[in-house]
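Subject: Structure for your files

Hello,

Here is the structure, with the sequence. My notes on it follow below.

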Amino acid sequence: MTKEPRRLPASLRAFAHRDFTLFWSGALVSNIGVWLSNLTVPFVLFQLTGSAMWTSFASVAQFLPSFLLGPVAGWLADRFERRIVLLFTQGGLAAAAVALWLAWLFGWRTPEMLIGMVLIQGIFQGLNTPSWQSFVHDLVPREDLRSAVTLNSVQFNSARSIGPAIAGAVIGILGPASSFGLNALSFVGVLVALIMIPNRRAHGVTAKPGNFMQAVRYLKTQPGIIVAVVLATAVSFLVNPILQFTVVFAGSVFNVGPLPLGLMNAAMGLGSLIGLPLVAGSMIRTRAGVVKIGLVLIGVGLVGFGFSPNWVFSVGCLVLIGFGFLAAISSSNTAIQLIVAQQFRGRVMAIRIMAYQLAYPLGAFVTGVLSDWVGPRVVMVGAGVCLLLVWGLFSLARGRLSLDRLDDPYDDSFDEDH
């Protein structure tokens, strides 16, 4: 069994493991539906209100619960069988998606309804994410973890782009109700995959995982994880609002419809696919090196997007952003997964997710307000310049804040057999 994965390219070795392949495939289908809805919500909000600020409210409702529920979600990931937790949370997300579809279908079409439904989804997502991230580690041996984490990021980023691309066509031809309905249907994929995966001993799960503050104190002893969390937070704040800004650019800058909007978002998925060999393979052996390339590409892509004369030119910039986003986020996430001690995995992932998910709505809110004030082009160029400054500061840093700490070794001091 140990030799079978080696027959695949380095970037694809995780696919040699049946359970990971099942989970990855089901997650891809489900996340395509999620991101189909994630584009439809800001699209209809912008149509209803004409305000970028309202689209930012949707991001706040979707991601703020992950910050507030982080301690509970991390404890769940370290205390219970992660597959069971995921069945509960994914079932809740499916029910919320059905409720949103029915509400829109029967004519309850107000901004307040949309924000409320997104908030319910955000609560289940907040409970879901630490177990989701930790579950990937349970499905493959350690030597294939880098491939698994990267492929999980590729799956997410591909769905993040395929979903909106489909949404552009569905909204334009069938309307938003069909988009919401397809999202609800897509949850069948991940639920079936989770049912087909047998129960297994989850690495690091314990009957007495301890409290959340123990994980915070542990985190202070791991500079590599701290660097990864800070980096992911900066990228989330500056880059993640790009989805709402493709909506704003399409509607008020380029004056194009749903189909070009979908293609703009699909470009980000194409960028992540192009970046897969770099991130998961052996082209650059250090995680710090991959992150440096990713930050530069994102910064240049954001500046180019802000200056784009038309939507076609913006597609090339979004490819760069998708490539760079995969490199920076996947490599920082891999660093955490490879460094963290087993018994703290769920709670440390929760801390990372809390920071990341808090930065997302804050970034969306700030950029939304600034966009209504100074215009979306200025905001995008400013975000790109800030990202390049982040790259410069991290590149110059030494000691505990050096990017080289992303390549710190696994902390085995808490292993049961040590």
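The protein has 15 helices and zero strands, taken as DSSP runs numbered from the N terminus (helices H or I, at least four residues; strands E, at least two). This is a predicted model, in which local features need pLDDT of at least 70 and side-chain atom pairs count only at pLDDT 80 or more, while totals for chains, interfaces and linings use all residues. Residues are numbered from 1 along each chain as its sequence is written, and side-chain values use heavy atoms, with hydrogens and water left out.

Of the 418 residues, 59% are buried (under 20% relative accessible area, 1.4 Å probe, protein chains only). Among contacts (heavy atoms within 4.5 Å) with a separation of 6 or more, 86% are between residues 24 or more positions apart.

Two cavities of 30 Å³ or more turn up in a search of the whole structure. A cavity here is a set of points on a 1 Å grid over the protein atoms alone where a 1.4 Å probe fits but cannot get out; lining residues have an atom within 4 Å of a point.

The largest share, seven residues, comes from α5.

Regards

Note on methods:
Buried < 20%, exposed > 50% of the residue type's maximum accessible area, 1.4 Å probe, protein only. 1 Å grid on protein atoms, 1.4 Å probe; cavity = no way out; pocket = protein on both sides within 12 Å on 5 of 7 lines; lining within 4 Å. Points joined across faces, edges and corners; volume = space filled by probe spheres on them.
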